[in-house]
Amino acid sequence: MTNILLNKTVGIVAGVAAIGMLASAPAMAKVEGDTITLGSAISFTGKYSTNGIHASNGYNLAVRMINAAGGVKVGGKSYKLAVKYYDDESTPARGAQLAERLIKQDGIKFMLGPYSSGLTKAIAPVTEKFKIPMVEAEGASRSLFTQGYKYIFAVLSTSEQYLASSIALAAEIAKKNGKKPGDVKVAMAFENDPFSLDVRAGVVDDIKKHGMKIVIDDKLPRDLSDMSSTLTKVRAVKPDLLVISGHSKGAATAARQIKEMKIKVPLIAMTHCEAAKVISKFGDSTNGFLCPTQWSETMSYKDNLFGTAGEFDAKVKSTYEGYRNVPYQLAQAAAAVMVWKDALERANSFDIAKVRQALSDTDMKTFYGNIKFSAAGNNIAKPMALRQIQKGKLNVVFPARWATNEVDWPRK
Amino acid sequence: MRLSQNSIALYVVVIALGFLASLLFPNELAQISGLVIVVVLIQTWILANKYMSVGQRAFVLYAVVIICGIAAPFAFPNYVTQIAILWLMILFALTWDMMGGQMGYNSLGNIIFFGVGMYASAIVQIGLYYDVAQYTSHAGAVKVQYDWFQYVFGMGLGLIAAAISAVVVAVVLGRVVFGLRGPYFAIGTLGAAIAAGELVGAWDYVGGGGGITMPTFPGSGDERSLFFYFALFGLALFTFAFLKWLYSRRYALAVNAIRDDEDKAEAMGIHTLRYKTVAWAMSAFLLGMSGAVFGNMSGFVEPLEVAFPTITFGIFMVLMALLGGKGTLWGPVLGAVVFHIIKELTWTYFLGWQWVALGMLIIINVAYFQQGILGWAQEKWPDFFGLTVDESDTREAAADASGEASK
Amino acid sequence: MDNISLLTMAPVLNVQLLVDGLLIGAIFALVAYGLALVWGVTNVKNLAQGDFVMMGGYIAYAMTLAGIHPFLALPVAIVLMFAFGWLIYKTVIYRVVDKDLFTSLLATFGIAIVVQQLLNLIFGPEVKIAESGFGIGEYLDGGLTVSNIKVIAFFLALALALVVVLFMKKSRMGQAIRATSQNARAARIMGIDTDKVYAITFALNAAICGAAGVLISMIWVIQPYFGTSYSIRAFVIVTAAGLGNLPGVIMAGLGLGALEQFGSFILGAEFQQAIVVGLLLVILVIRQIQQSRHRQVVK
């Protein structure tokens with residue numbers, strides 16, 4: 001017993017569907033006229049949007065600089081770069097769909113990465129299946145580089161290195177004070193998400209290597225606004241090192257409550273200090289925090305586009321408002337676009353196989369650091385550094401090669 | 001009569017040609033021919049409507065939907081994933097309506113079964129050849145490479161495990177929450193869904209908040225898209241057919257009686273708890289399997305946003321059923337289609353504002369447009385519905401039945 | 001179980017957890033009281049409760065940006081949120097007040113999404129704080145630290161609750177609200193404009209939430225998406241205490257605050273959210289058992 005209305009509605013729905021599909025099909029090819037379009041699903045909304053926006057600022061800045069400097073030369077012709085963005089809302093399922101949309105519907109042949117390891121994990125299988133190379137700057141999880149992916153290239157150091165150096169530093173300090181590294185007590189508080197758990201894995205490996213003791217191992221919920229119970233525990237067990245990782249909001253929450261509860265731990269290390277702007281928010285109480293960084297404007301790297309790391313820093317501050325410290329998330333995103341330019345010019349072709357080969361042969365110097373990919377696609381030419389907040393400034397204190405200042409120990 | 005049959009035959013030929021064209025020219029031409037197919041199908045339907053009997057029309061309608069479903073990924077090769085998600089959305093709306101619309105138990109936590117199914121199949125698929133705890137503790141450092149047999153066999157077992165575990169969870173959870181009435185049921189199920197995500201996130205065996213990377217699909221990218229498209233299409237089709245059959249049984253009368261007045265239904269001798277449990281278990285069965293397929297399709301399973309997305313998928317399923325018109329068979333389907341298209345369009349054209357638009361849609365939907373599309377149509381053209389939509393018939397019949405019985 | 005032995009070895013930790021829990025629990029109780037008010041009078045279950053709290057917090061944050069002390073945001077937030085609540089009632093809630101129970105849940109859920117997203121678009125997703133600049137008190141030889149703002153906020157929350165109670169008991173409008181909640185039809189017959197009563201109640205609740213948000217922004221951190229967890233807490237407290245039971249709401253609020261602290265200390269912070277929603281389920285089930293016993297008695 002069907003009916004006329006049903007037919008009509010089916011008709012209307014089919015019509016709407018057809019219009020919808022037609023409307024959402026901008027026929028953009030990878031290279032059109034004199035423009036090369038890179039594609040990226042990135043977090044404009046949702047919990048990663050601060051860093052998503054940092055990353056897109058980095059992409060846009062590099063694109064603008066490259067275009068101003070004459071664009072990308074392929075086959076004797078100069079091309080401009082452009083980026084096609086979608087908002088992945090910080091959710092992996094959406095990111096994977098959008099990656100496919102970029103590749104299939106928008107005809108994108110050259111991808112830039114999303115923000116965060118979770119999103120990159122979701123997108124990498126898609127780019128891999130469609131054999132579309134992706135240069136990513138924000139997915140640090142090492143599991144990305146153990147899956148045998150051939151089309152993912154990461155300019156940053158992998159996540160297990162983020163806070164591992166703080167363990168090495170604690171061991172060094174213990175030795176200097178005539179104690180055994182094995183006596184060092186470590187308290188850990190990591191957000192329960194793919195990135196922070198990867199950071200944790202690296203820290204745990206190094207703790208085992210030095211034979212240190214883990215006295216607290218808390219996983220923080222994702223919508224965390226209070227970690228005072230963890231900090232109360234810290235006060236009770238008096239660790240020598242407190243390690244925290246929870247993106248920007250974790251860093252801000254931790255910094256606030258460390259201040260309010262007057263937590264006195266000789267060494268505190270946490271990720272995302274700069275992105276969370278803890279110095280301007282919490283002032284002197286943040287002195288002595290150790291913050292891992294992929295990049296620092298004091299490093300001596302340079303290239304022909306941006307100049308030195310310091311010049312890049314100045315460029316960002318003059319282009320975008322509100323940056324007191326330039327987060328490394330922005331710098332590495334800019335570096336990823338530079339890798340594309342370099343690889344496309346060396347491939348001198350838009351053929352995917354040649355471009356991929358050129359990418360894997362990359363060996364370049366940028367303001368962000370040297371970039372050379374392993375067979376797995378991670379950058380093996382650039383170490384992580386550890387900065388310490390000293391009198392409201394971020395100074396590199398570890399490793400010795402990049403250190404501009406001595407580490408303050410114990411923190412006051 | 002003869003004329004119409006000829007023209008139908010003509011249209012069939014045109015459809016076939018368009019189909020062929022879409023295979024030959026996979027890009028813009030394919031899209032145009034896809035559009036032609038759609039237009040022609042509509043024309044065919046209007047004609048069929050004029051000259052065919054009710055039974056034949058129904059047959060043509062279903063044939064058209066099935067043909068469209070099979071042809072869609074070839075006609076629109078660039079939209080395979082989006083259309084696949086559309087089928088998933090239809091399944092979501094239909095399964096939610098089994099409880100919310102037909103029985104009046106408005107659950108906000110059906111997403112639990114989706115997530116349970118997803119994790120069950122992930123554990124089975126990886127556990128077949130690896131040690132799960134070891135796999136997850138290496139944060140994906142172990143690479144899983146399956147050949148076709150391992151993959152398909154693992155996924156088949158995964159689907160069975162997903163369905164069984166979702167049903168078990170439904171039966172157990174049902175014991176706990178079925179005593180709750182009205183808003184307490186909604187709040188209780190919402191709480192259960194949030195708790196499920198949090199607890200899986202704290203469970204190290206399955207990787208906690210770090211999630212699980214699923215085995216990689218052994219075929220090429222396009223093969224992969226098609227594989228999951230047909231898996232979801234098949235599931236949605238099965239769900240629809242199953243519900244169509246189910247709603248024509250005595251079962252529908254009983255659950256509708258529970259919706260209208262649970263105490264009276266109980267007094268009439270309907271074993272309400274059994275019906276509630278069975279209905280929930282059936283929707284869990286279907287949702288669990290869809291979760292298993294979606295987990296493999298995503299390639300990466302993670303508790304809060306992929307497996308138990310309470311405030312996205314979990315609310316979408318309610319919204320779609322309400323938008324189309326709850327308590328009917330076609331309403332949720334329509335709601336899902338309209339919702340999905342609105343969503344895809346806002347996500348493309350209102351970048352950054354899409355969630356505001358969605359929230360407004362919810363508010364307008366429930367505050368100003370509560371009856372849904374089918375309900376609105378019912379008010380607008382009441383004469384069409386005197387002899388029409390079979391679902392409303394069954395509902396009326398149910399109301400009559402319960403009314404008479406109570407007299 | 002190491003954590004439990006820690007607690008027995010160092011009793012001062014119990015004091016710290018208890019104080020932290022109770023001080024914040026008072027604000028939970030304030031938010032829950034607003035929810036109970038709206039629920040009892042209009043029968044609308046406001047899922048946007050926590051998001052109203054966040055709005056209050058952002059009002060305080062915006063004022064600190066302008067160099068104004070967040071304390072002064074308290075009256076501003078109360079006035080602004082009252083107006084906002086009135087507006088929301090007049091545009092959305094009045095349409096769903098007499099609809100079935102599920103409708104109000106969904107409508108307020110929609111409001112919650114819109115509020116979250118607009119806050120996100122205006123202020124960004126980063127966590128924000130409104131710095132009060134008050135000192136930090138140390139007691140028991142440094143074993144217990146309490147920031148003064150927490151203590152002040154605690155008493156402010158109690159004072160606000162007291163004001164609302166007095167308003168309900170003494171004022172004409174308060175009496176009309178109570179009459180409506182007891183029997184709306186009878187109230188209408190007696191000449192009470194129930195629509196106005198509903199609007200005032202909803203606006204009053206928004207104002208209460210706004211005030212709580214100002215306090216939260218000075219004590220913890222605010223973020224556009226953090227509202228949901230306050231909504232859940234408010235539902236837990238109200239379900240546990242029951243409607244129209246102010247002492248119960250206060251006790252349940254304080255209890256929840258303490259339970260969260262002890263729970264996440266003992267089990268680990270990853271269970272904090274699960275503890276709250278788990279508790280909700282447990283309370284619902286207990287209520288259900290009580291009810292079924294009641295039904296048997298009736299039989």
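How many residues of chain C are in contact with chain A? Select both chains to see: 30 residues of chain C are in contact with 28 residues of chain A, where contact puts two C-beta atoms, placed from the backbone, within 7 Å.

Before going on, note that this is a predicted model: local features need pLDDT of at least 70, side-chain atom pairs count only at pLDDT 80 or more, and totals for chains, interfaces and linings use all residues. Residues are numbered from 1 along each chain as its sequence is written, while chains are lettered from A and ligands numbered from 1 in the order in which they are written.

**Stop 1: chain C facing chain A.** Color helix 2 (11-42) of chain C, which gives four residues, the largest share of this side. Helices are DSSP runs (H or I, at least four residues), numbered from the N terminus.

**Stop 2: the two domains of chain A.** Select 31-157 + 298-372 for domain 1 and 161-293 + 385-398 for domain 2; these bounds come from an automatic or database domain assignment. Their C-alpha centres lie 30 Å apart. Between them, 17 residues of domain 1 are in contact with 13 of domain 2. On the domain 1 side, show helix 2 (49-68), helix 4 (117-129) and helix 11 (328-347) of chain A, each giving two or more residues.

**Stop 3: helix 3 of chain B.** Select residues 54-75. This helix bends by about 30 degrees at B:Gly69, and B:Pro73 follows within four residues; the bend is the angle between axes fitted to the seven residues ending there and the seven starting there.

Terms used:
The expected span of a helix is 1.5 Å times one less than its number of residues.
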